[in-house]
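This report goes through selected elements and residues of the structure shown below. Please keep the coordinates open while reading.

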2 protein chains.
Amino acid sequence: MASVEIVSIGTELLLGQILDTNSTYISQKLAEIGVDVFFKSSVGDNETRIENCIRQAFERADIIIVTGGLGPTVDDVTKNAVVKVLGKRLFLNEKILEKIKNNFKHRGVSMPESNVSQAMIPHGAIIIDNELGTAPGLLINHNSKIIILLPGVPREMKAMIENNVLPYIKKHYHSDKSEIIKSKVLKVFGMGESMVDAKILDIFKSSSNPSIALLADTTEVKIRLTAKAKDEIFALKLIAPLEKDIRNRLRDSIFAVDDETMEYVVAKLLLQSKLTISVAESHTGGFISHKLTNIPDSSKYFKRGIIAYSDESKVELLKVSPEAIRLFGAVSKQVADAMADGVRRIANTDIGLAVTGIAGPSGEREGKPVGLVYIAMAWKDSSICDEYKLKGDRILIKEQTAQLALDVLRRYLLKMQNVK
Amino acid sequence: MASVEIVSIGTELLLGQILDTNSTYISQKLAEIGVDVFFKSSVGDNETRIENCIRQAFERADIIIVTGGLGPTVDDVTKNAVVKVLGKRLFLNEKILEKIKNNFKHRGVSMPESNVSQAMIPHGAIIIDNELGTAPGLLINHNSKIIILLPGVPREMKAMIENNVLPYIKKHYHSDKSEIIKSKVLKVFGMGESMVDAKILDIFKSSSNPSIALLADTTEVKIRLTAKAKDEIFALKLIAPLEKDIRNRLRDSIFAVDDETMEYVVAKLLLQSKLTISVAESHTGGFISHKLTNIPDSSKYFKRGIIAYSDESKVELLKVSPEAIRLFGAVSKQVADAMADGVRRIANTDIGLAVTGIAGPSGEREGKPVGLVYIAMAWKDSSICDEYKLKGDRILIKEQTAQLALDVLRRYLLKMQNVK
């Protein structure tokens, strides 16, 4: 199978003014039809450097997909650079010029002179119509390799990829031996990257298809299983036994699959169990309730949230005893317990979830450092409360607390489901 | 001045599974100190291809910044590839190993064997401490060029760029002839992109340094002014008159500058005015309170948040009259007003802010479509309430409501400040 190099052109990419979403999109689409991208390059609007970049790409790839630099300004030099590499010249194509002129006429303006450059193309190039803009795409054969030039405007580029480039590559490079790439992501909470690695190291090492990759995020670890196979069904068949093996080892620590979020999983469990919940938050300031209410139909399980930031509000709104706050402090197991129990009683829900902690940067006290967090959960018969010592800035401590609290809830709901 | 090539490593980049935000961030930071990035490359977790990429980078750049592939797994082969190019070998660094072990100890677990690889470094490398993770960064001199290896985890990479890489490059590569690029972003709320465009079109067309770019986000429009000059002071002098002109036309619609968020601006105004606030939320589910408590010292102005999702909770917690809900519905001007007034009285704060609305996808009623939102604000003498008809999915409606509510608060606080 052919290999591809993607070249993104534009000084704004090198200044960090825009994210290169184009090459990410093209990579995804190529992966789906089983085409390998081995390199991506970005280069500014500089003819010599573009030329060098393209020359280099011809050395290491079979198909080169170039985006950007096809506009009408003096900055747009992609075609000039490419024809130098190919040893060709640009000629005016009357048909394309006519199309561009019509495009402007349609908008009620006459074509600026500078747009003539968009109708200049090398002999032998296959023209890719641009339904959404003025610059046509070009596909050029060269020494049994191909180079494809596309505009940098995402929607114009995407339409050409879908309608022209992918069908062309499938037709000319697809063989019975071609394989697609299919990924499945298992999301792990409550275990670090190296811990996950240690638990599945032997699978990791022994498996090449599917291949396994670990990605650590701020609050989770993703295990990505990527299979190559002749179609999606076969790919999923390759993934299944590996997934089973990994699930046997990591158990409940795997909380979600692919794009599922923690709150989505918790919401699903709450809806299935028909249990209701209320939340009392201190340092997370409403973030847990926000997450729980991001899911459609959340009013079926979420009833009330109390953000009790001050001591008085904990006493008045949640019926925490002033003595508990005086004796143990607002950030304590005793107060967390009382908050969870209080909110559950007041809201009359099955579950009460509460957090109290110090998000920083100020608020540190003797024996109570920034990052000290208590998470409590109360239900009819009983309650639990755990202490955590978290690291990071204010936002990160809020985020970690919210995920931890939702995970406590998730594990409880799973257990209830298994008891039944 | 030196030129930089950024190399991003990770197969997930070539499969289009993640966006390369790291290289965009690094590009931005380098542009700010006037360092040119001429090329970016991305390559997968393949030792030979990484080696080729790095070799190539050494041919065309003075400084090579590599991110990713420093993790503890067998996939992480960046260092192996780099030392091949440099003709060096990796040795165990006991000090780093000790640090990594302590990092795990602190979390109450012992270090997995695989993490030893993160303590392997070549002789002569300058070690960049990783305060937020286990893999140290490395800076290596080679034939009067330098190569810098950084972890791919964004927050770890960012800290190293800020604290170590930028100071190093400034110190060793800055010359008198260097031109720096300085951008300033004016953030606009409450006006669409084409409205902003129409208001500043003539400035837009006549200015080349600073250049002007418009970027539309979900809830705001950014106006980016980018100046080239010999230093930051000169660049800011170029930007100042243009900024003044734009501010004269857009007035209070410009709510923030650069990376400032709406909640940051509101928090600053609240702290300056020494006013306190409480929040009653329905469909935003705690999102407004979450934003208001993201800012350090928020306990000085934020006292209580009530998430009254159900009708009963509006009555019980906020003293909204059941008649108002029955007559006008929970999503109505009357109930929004009562919520704002209720939360202000109960929390005994200067300001009460309340929102009620239909975030969808369900919950639509006769005359009350998804996206119908009321935002009310009550203070001692008076109150205001506005109706909005928002578009978008559930999350977007929550986001827009939160920004609108904070903007109502911002404009009120600005007016109070000007009255004084």
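## A helix pair in chain B

At roughly what angle do the axes of helix H11 (residues 311–318) of chain B and helix H13 (residues 333–347) of chain B cross? In this predicted model, the two axes cross at roughly 40° and come within 9 Å. Because angles under 35 degrees count as roughly parallel and 65 to 115 as roughly perpendicular, H11(B) is oblique to H13(B).

On the H11(B) side, the contact is made by B:Lys314, B:Leu317 and B:Leu318. Their counterparts in H13(B) are B:Val335, B:Ala338, B:Met339, B:Gly342, B:Val343 and B:Ile346. By class, the residues where H11(B) meets H13(B) are seven nonpolar, one polar and one charged.

## The sheet across both chains

An open sheet of 10 strands draws on chains A and B, with mixed pairing. Its order is E17(A)-E16(A)-E15(A)-E13(A)-E14(A)-E14(B)-E13(B)-E15(B)-E16(B)-E17(B). The edges are strand E17 (383–389) of chain A and strand E17 (383–389) of chain B, each of which pairs on one side only. From one strand to the next, the twist averages 10°.

Within chain A, strand E13 (residues 277–281) and strand E15 (residues 351–357) run parallel and are joined by five bridges. A:Ala280 has A:Ala354 in E15(A) as its bridge partner. In chain B, helix H14 (residues 394–419) packs on the sheet. This helix touches strand E13 (277–281), strand E15 (351–357), strand E16 (372–378) and E17 of chain B, and its direction makes about 30° with that of E16(B).

## Buried residues around the sheet

A:Leu409 belongs to helix H14 (residues 394–419) of chain A. With a relative accessible area of 0%, A:Leu409 is buried. Beyond its neighbours within four places in sequence, A:Leu409 is in contact with A:Val266, A:Ile277, A:Ile351, A:Leu353 and A:Met377. A:Ile351 is 58 residues away from A:Leu409 along the chain, and their C-alpha atoms are separated by 9.0 Å.

A:Thr349 sits in the loop between helix H13 (333–347) and E15 of chain A. Not counting residues up to four places away in sequence, A:Thr349 touches A:Thr276, A:Ile277, A:Ser278, A:Lys303 and A:Arg344.

In chain B, B:Leu372 lies in strand E16 and is buried, at 3% relative accessibility. Residues up to four places away in sequence aside, B:Leu372 touches B:Val331, B:Thr356, B:Gly357, B:Ile358, B:Gly367, B:Glu387, B:Tyr388 and B:Lys389. The C-alpha atoms of B:Leu372 and B:Thr356 are separated by 8.6 Å, with the two residues 16 apart along the chain.

## Cysteines

How many disulfides are there over all chains? The count is zero. For A:Cys53, the closest cysteine sulfur is that of B:Cys53, and the 10 Å between them is too far for a bond, since a disulfide needs two cysteine sulfur atoms within 2.5 Å.

Is A:Cys53 buried or exposed? A:Cys53 is buried, with a relative accessible area of 1%. A:Cys385 also counts as buried, at 14% relative accessibility, because the limit is under 20%.

Conventions: Residues numbered from 1 in each chain as written. Chains lettered and ligands numbered in written order. Predicted model: local features only at pLDDT ≥ 70, side-chain atom pairs only at ≥ 80, totals over all residues. Heavy atoms only, no water. Pairing = 2+ DSSP bridges. Helix = DSSP H or I, 4+ residues; strand = E, 2+ residues; numbered from the N terminus. Axes fitted to C-alpha atoms, helices over the stretch in contact; angles between N-to-C directions. Contact = heavy atoms within 4.5 Å. Buried < 20%, exposed > 50% of the residue type's maximum accessible area, 1.4 Å probe, protein only. Parallel < 35°, antiparallel > 145°, perpendicular 65-115°, else oblique. Nonpolar A, V, L, I, M, F, W, Y, C, P; charged D, E, K, R; others polar.
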